[in-house]
Amino acid sequence: RRCSSDLPALQARGHEVMAVPTVVLSNHPGHGRPAGFRTTSTDLAALLDHATALAAPDAVMTGYFATPEQVREVAEVIRLLRARVPSLSVLVDPVIGDGGSLYVPEPVAEAIRDDLVPLASCLTPNRFELEWLTGWQSGTVADAVSAAQSLNRPEVLATSIPAGPDDLATIVVTGAKHRQQVTPLRHDVPHGTGDFLAGLYLAERLMPKGPAEALARAMTLLQRAIHRSAGSRVLDVAGALHG
């Protein structure tokens with residue numbers, strides 16, 4: 001994945017994180033075109049092999065991918081790890097697009113849908129990603145719940161769901177049940193909120209806390225970060241976690 005705000009969210013809760021980058025970038029693409037490079041599939045496989053040989057993880061979290069080959073390498077590692085640790089938590093953050101369009105090549109999005117989504121114990125799509133993965137329109141919370149249920153995954157955390165003219169809902173769907181947190185629609189929010197929320201939620205679930213409590217705790221910290229970041233282009237992750 002890219003360097004992102006999910007790592008400090010996990011580390012702040014005491015989790016040891018082995019981060020394996022799919023790309024190395026000078027800055028978030030939302031701040032302008034970055035300089036950087038991709039991790040080749042061969043190098044990615046070697047990094048994953050050595051990292052997972054040190055110890056079997058309690059959880060795997062995936063994010064941004066630059067090529068379909070990277071997706072397939074990670075999917076194979078997850079399958080091997082699950083054979084060793086059947087209880088392995090796998091959070092797939094399907095980082096494929098927003099605002100009505102894909103921002104990764106379509107073969108990458110298709111590989112995430114076909115190879116990683118079926119392995120996920122938890123998915124964390126935004127509204128566009130939920131709609132792209134399912135073909136359902138998610139104009140309301142009820143629509144989003146139905147779309148999430150159609151993925152047939154144990155847990156789906158969906159963000160940016162319309163909940164009225166000036167509100168957005170973040171929902172967690174577990175089977176027939178769902179929980180939601182509604183927050184005011186904000187404009188000019190810094191980039192990185194989705195990464196941060198996914199990391200926060202996984203950190204809470206590993207404590208372990210149930211979906212409702214994990215969602216409430218994660219959303220409290222996310223809203224604190226957004227509030228502290230008013231007027232800034234950078235999400236104040238450190239202030240939210242330690243302030």
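These are my notebook entries on a predicted model of one protein chain.

**Entry 1: overall build**

I began with the secondary structure and counted nine helices and ten strands in the protein chain. Next I looked up the overall extent: along the principal axes, the C-alpha atoms fill a box of roughly 50 × 40 × 35 Å. How does the radius of gyration compare with that of a compact globule? For 243 residues the globule value would be near 18 Å, and the protein chain has 17 Å, so the two agree.

I also checked burial, and 47% of the 243 residues count as buried. For contacts with a separation of 6 or more, I noted that 61% are between residues 24 or more positions apart.

**Entry 2: the largest pocket**

The largest pocket holds about 1400 Å³ of space. It is lined by 50 residues, and those closest to its centre are Asp98, Tyr103, Asn126, Thr193 and Gly194.

Which element gives the most to this lining? I found that α7 does, with five residues. Several other elements supply at least two residues each, including the strands β1 (23-25) and β2 (36-38) and the helices α5 (127-134) and α8 (211-228). The strands β8, β9 and β10 are also among those that supply at least two. By class, I have 25 nonpolar, 16 polar and nine charged residues in the lining of the largest pocket.

**Entry 3: the second largest pocket**

The second largest pocket comes out at about 810 Å³. Its lining has 32 residues, and Met18, Pro57, Ala59, Val60 and Met61 are the closest to its centre. Here α2 (41-54) has the largest share, five residues,. The elements α1 (6-12), β3 (59-62) and α3 (68-84) each supply at least two residues as well. I sorted this lining into 23 nonpolar, five polar and four charged residues.

**Entry 4**

One bridge I wrote down joins Ile161 to Ala169 in β9. The two strands form a hairpin with four residues between them, and Gly164 in the turn has a positive phi of about 125 degrees. Is β8 mostly covered or mostly open? It is mostly covered, with six of its seven residues buried.

Which residues does a cis peptide bond join? I found Met207 and Pro208, with omega about 0 degrees. Pro208 sits in the loop between α7 and α8.

Asn152 has a positive phi near 60 degrees. Its place is in the loop between α6 (141-150) and β8, and the residue is exposed, with a relative accessible area of 60%.

Asp188 also has a positive phi, near 60 degrees. I located Asp188 in the loop between β10 and α7. Its relative accessible area is 77%, so with the cut-off at over 50% Asp188 counts as exposed.

Key: Residues numbered from 1 in each chain as written. Predicted model: local features only at pLDDT ≥ 70, side-chain atom pairs only at ≥ 80, totals over all residues. Heavy atoms only, no water. 1 Å grid on protein atoms, 1.4 Å probe; cavity = no way out; pocket = protein on both sides within 12 Å on 5 of 7 lines; lining within 4 Å. Points joined across faces, edges and corners; volume = space filled by probe spheres on them. Nonpolar A, V, L, I, M, F, W, Y, C, P; charged D, E, K, R; others polar. Buried < 20%, exposed > 50% of the residue type's maximum accessible area, 1.4 Å probe, protein only. Pairing = 2+ DSSP bridges. Rg over C-alpha atoms; globule rule 2.2 N^0.38 Å. Contact = heavy atoms within 4.5 Å.
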